[in-house]
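Dear colleague,

Please find below the structure that I am passing on to you. My findings follow directly after it.

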Amino acid sequence: MSCFLPNTDPPAAGSVVVVGVPVDENSSFLRGAARAPDIIRKALHAESSNLCAENGIELAAGSGLVDIGNLDIGPAGGANEQITTAVTGLLAHQLRPVALGGDHSITFPIIRSFAATHPSLTVLQLDAHPDLYDSYDGNRFSHACPFARIMEENLARRLVQIGIRAMNTPQRQQAQRFGVETMEMCTHRGPVELQLSGPVYVSIDMDVLDPAFAPGVSHPEPGGLSPREVIDIIHRIRVPIVGADIVECNPERDLGEMTVRTAAKLLKEIAGAMLKNG
Ligand code: MN
Ligand code: MN
């Protein structure tokens with residue numbers, strides 16, 4: 001499956017490409033995240049703000065950021081294979097995807113695409129939840145499981161999790177089994193020391209944020225990070241970022257577009273960091 005429209009050339013090598021992945025069939029509790037990509041885009045282009053990241057990178061046309069639209073996911077059941085095929089195609093053109101979810105289940109088929117081109121990938125996951133269940137409600141591809149699949153297939157050299165505050169016993173055992181580096185919270189100990197070496201993939205689950213800032217998620221967990229803290233973490237990544245996703249934004253649960261607006265802000269900051277870091 002090609003991500004490009006007929007007769008359109010792929011963006012230049014090295015471009016950061018926004019790609020919507022409107023999938024929420026693996027959500028365990030509430031649906032709605034599949035509607036997020038287009039709503040986040042609308043917030044990104046709202047006249048209330050501009051397209052400048054805080055690091056000074058302008059994301060307007062010609063910046064190296066290209067929106068290629070949403071993946072055309074077919075009938076239920078085959079989404080994972082389609083996502084892997086599509087992202088593999090982007091990587092073959094040396095593009096750097098920023099996927100707009102969709103629920104967190106999309107991260108496994110995306111990361112699976114990176115194995116051939118990035119065998120020593122570090123994955124930085126910002127999330128309230130470890131998403132390390134072996135299986136959830138009988139579904140091994142649930143949005144509660146993607147990082148178990150990634151680690152058992154050795155698709156990441158390191159998995160670093162920040163913001164985790166719902167680590168129960170089965171997932172703690174999985175974290176130990178896979179050698180996951182978990183920072184349960186960071187702020188009371190001062191700034192997170194991110195000792196990362198590239199290439200890095202950044203996966204942002206919107207519920208890493210406190211529900212006071214981002215109520216529009218399916219699994220709100222109080223006690224989370226502020227947008228400022230998440231942005232500061234992004235800014236402290238000094239190594240090449242080869243891909244990213246922003247997932248679990250559920251417009252059905254949002255209040256006054258707070259969450260989609262914050263997702264659009266994080267999209268600007270992650271894209272700006274990708275373009276700046278090279
Ligand atoms: Mn989560
Ligand atoms: Mn998650």
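In this predicted model, a search of the whole structure finds 3 aromatic pairs. One of them is formed by Phe114 and Tyr201 in an edge-to-face arrangement, with 5.4 Å from centre to centre and 75° between the planes. This pair links distant parts of the chain: Phe114 belongs to helix H3 (residues 107-114) and Tyr201 to strand E7 (residues 200-205), and the two are 87 residues apart. Both Phe114 and Tyr201 are buried.

Strand E7 is part of an open sheet of 8 strands, which pair in parallel in the order E2-E1-E3-E8-E7-E4-E5-E6. Strand E2 (65-70) and strand E6 (181-183) stand at the edges with a single partner strand each, so one side of each has no neighbour in the sheet. On average, neighbouring strands of this sheet are turned by 15° against each other, direction ignored.

Within the sheet, strand E4 (residues 122-126) and strand E5 (residues 158-162) pair in the parallel sense over 5 bridges. Gln125 has Gln161, in E5, as its bridge partner.

With kind regards

Methods
Residues are numbered from 1 along each chain as its sequence is written. Chains are lettered from A and ligands numbered from 1 in the order in which they are written. This is a predicted model: local features need pLDDT of at least 70, side-chain atom pairs count only at pLDDT 80 or more; totals for chains, interfaces and linings use all residues. Side-chain values use heavy atoms; hydrogens and water are left out. Rings of Phe, Tyr and Trp (its six-membered ring) pair if their centres lie within 6.5 Å; planes under 30 degrees apart count as stacked, over 60 as edge-to-face and the rest as tilted. Helices (H or I, at least four residues) and strands (E, at least two) are DSSP runs, numbered from the N terminus. Buried means under 20% relative accessible area, exposed over 50%, partly exposed in between (1.4 Å probe, protein chains only). Two strands pair if DSSP finds at least two bridges between them. Axes are lines fitted to C-alpha atoms, for helices over the stretch in contact, and angles run from 0 to 180 degrees between N-to-C directions.
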